Amino acid sequence: MVPSGPAPGQSPCGTPAPILYNATRMHTTYPDQSAAFSALERRLAERRWRALDGRSRAVFAALTALLSGFFFWQARVPLDGWVRSHGTLGGAQWLAVAMAAWALVAGALAAWRQDALATRVPGSEWLALPVDPARVMRHLLGESRLPAFAVIPPALATLVAGAGLVPAWWLALLAAFFALAWIECTRLAAAAARAIAARRSRHAALPAPVRLLASARQAATAKKRRAPRWRAEGGWRALQRLDLTLTRTPGPAQPRMASALALVGVSLAMWFAAAEPLQRRALAFAAFLPAATALGAWAITRTCGDPAAAMRPLPLSLADTWRARFVTLAAVLGAALVANALLAAGLPLGARFGIVLTWSACGLAVAALGLQYGLTLHPRALAAENLYFGWLGVTLMASWMIPLLGWIVLAAGLVHSGVRLRRWWTSETA
Amino acid sequence: MLEIAGLERSYGPRVALAGVSFTVQPGEIVGLLGANGAGKSTLLRTAAGLQPPDAGRVRVAGHDVWDSPLEARRALGYAAEEPAFHEELSAAEYLSFVSSVRALEPAAAEARVRALAGALDLGERLDDPVRGYSHGMRKKLSFVAAVLHRPAVLLCDEALEGFDAPSALAAKAELRTRAREGCAVLFSSHVTETVERLCDRVVMLRRGRVARELARAAWGAGAEEHSPLERAFLDMVTEGAAE
């Protein structure tokens, strides 16, 4: 008997047809895995909580309290004026806009995290499991929401600022509105980031979640690099050269240095603004400080980015690793300061020297803070950045609250990170 | 010489090393055998200065790894079980950095890298970014970095795992050369056949303790450096090269 058609899995000419992905069959065979994912997410949360020691929890709690207090007062004063001029309803509208803004910030954070997850997710490991890729995507959505939780304390502080100015039932309504907006903004932003990441994938025939997992962590096409020049130079110089090579190459260090240099450019451009010389100096300084901050972030990326297995067995001391980075920071900041002083044509000579002296102390302190937290928290770049930006945030708030208090906070940060430096020798890297 | 004395290390309640002591003499290749979780990698990572011990000492060429880290690291080579590199760099860029940090003469270091990479079939990929390397290639790169400066003490953590057969033969030849030149080699492996042929002595770990030490004569290995299969393979490779 002659079969009337090709056998399953065969093309009409008899050869096996390539099966890339049978979406229908795969989707119908998945059992309910909610319990397994819930258990996984619960264990992840527990592990993250345990990873923070008591002191870190206290520091984060203090930072959260300070930030919340800051945003409370930043909202309370203008809201009071707004309610006086526009009435209670106007105040409620003001708070609604503020809550919407916080939800948007949460969405941006979730999108940023989702984009990072899309490239770092263990795609092949997930695909090897009999798990619906769409369920994995839901899990990744939860993971991408993690940084967005940081928005909740300041948002609630903003809302509480309305107490006594706006009726309590309005505040309750606005809290519900914020919760809903937070959920939807983070969901939509993560979905948008995921769609953009999936579009970068080459496997256009596959469903989007599979495409994303299949292309995650794939090695980019290896393009040959120029042969290096073999040199005889000391430890810190070799490390400094390595930093420069890594900064010139696309990777995590490059955008941080690029943003620092762009901010230095903005700082220099301020001297051409149509303003009084003293105003121009203030504007240039306002751009110079973020440049120093970005340099500190670059130092964190470089110090925490050194793989322990490759670097720790080498005869490099703490002094070598500190000096290699500090010399680079000082060189970039020094060049920026000299250029600023040269462009400050409207200021007397003494004031120009003042720029070099006072700005260099401030810029070096900010950048060195990042360097030292990077060294002491190696290889945990995220923890080092959180501590660095958190400390600078507190410094900034202290400056706004009481003149010169910010300097004391910054100096305390330098002392704190300096005391921690000896941890570099016994860094737990395994 | 490598001296390990009373080394202890725990991960929370789990004891990884419970008072391990032994020495590796110059010119000796000592195999480190043990089941998964016996403490081999913890021992090697601690000896290499990657993690501090809870108690005990490690001396590399007379220098304590934790009291005189720089002197110890100058004399030390370490091939990691899970090597990690700067992914953006090429192998040549990384090795030129290692050569600089170790203050090697540039031309001699470059020539040695070319020779080692050629022997390990890595020569044509030296200028490729490490990000595109397979696991075996990463292990080879870690091995080259570890032996580049002809260290006085060499720690190999599953160093030949992932090597193809010709590269494994070349790496074993390099290890024997290092030992002949006076290097103390501590070689951890799961593959007893490799340890049997390569090592002069074996230290066996069980639950973080030295369970047994055996000299080469004790396990009855002959003077042959290669197993019969290795010999046949080597002959085939040599014939192929001649043709």
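In strand β4 of chain B, the bridge partner of B:A5 is B:R57. This pair belongs to the antiparallel pairing of β1(B) with β4(B) (residues 55–60), which runs over 5 bridges. Strands here are DSSP runs of E with at least two residues, helices are runs of H or I with at least four, and both are numbered from the N terminus; two strands count as paired if DSSP finds at least two bridges between them. The model is a predicted one, in which local features need pLDDT of at least 70 and side-chain atom pairs count only at pLDDT 80 or more, while totals for chains, interfaces and linings use all residues. Residues are numbered from 1 along each chain as its sequence is written, chains are lettered from A and ligands numbered from 1 in the order in which they are written, and side-chain values use heavy atoms, with hydrogens and water left out.

Strand β1(B) (residues 2–11) also pairs with β2(B) (residues 14–24), again in the antiparallel sense, over 8 bridges. Within this pairing, B:L7 has B:V20 of β2(B) as its bridge partner. The hairpin of β1(B) and β2(B) has 2 residues between the strands, and B:G12 takes a positive phi near 65 degrees there.

Elsewhere in chain B, 6 strands form an open sheet of mixed pairing, in the order β6-β7-β8-β3-β9-β10. At its edges lie β6 (76–79) and β10 (209–215), each of which pairs on one side only. From one strand to the next, the twist averages 15 degrees, with axes taken as lines fitted to C-alpha atoms (for helices over the stretch in contact) and angles running from 0 to 180 degrees between N-to-C directions.

Turning to the two chains together, the contact (heavy atoms within 4.5 Å) takes 43 residues from chain B and 43 residues from chain A. The area buried between them is about 3,800 Å², and carbon and sulfur atoms give 66% of this; buried area is the accessible area (1.4 Å probe) that two parts lose on being put together, summed over both. There are 2 salt bridges between the chains, a salt bridge being a side-chain nitrogen of Lys or Arg within 4 Å of a carboxyl oxygen of Asp or Glu. One of them joins A:K224 to B:D128, with the closest N and O atoms 2.7 Å apart.
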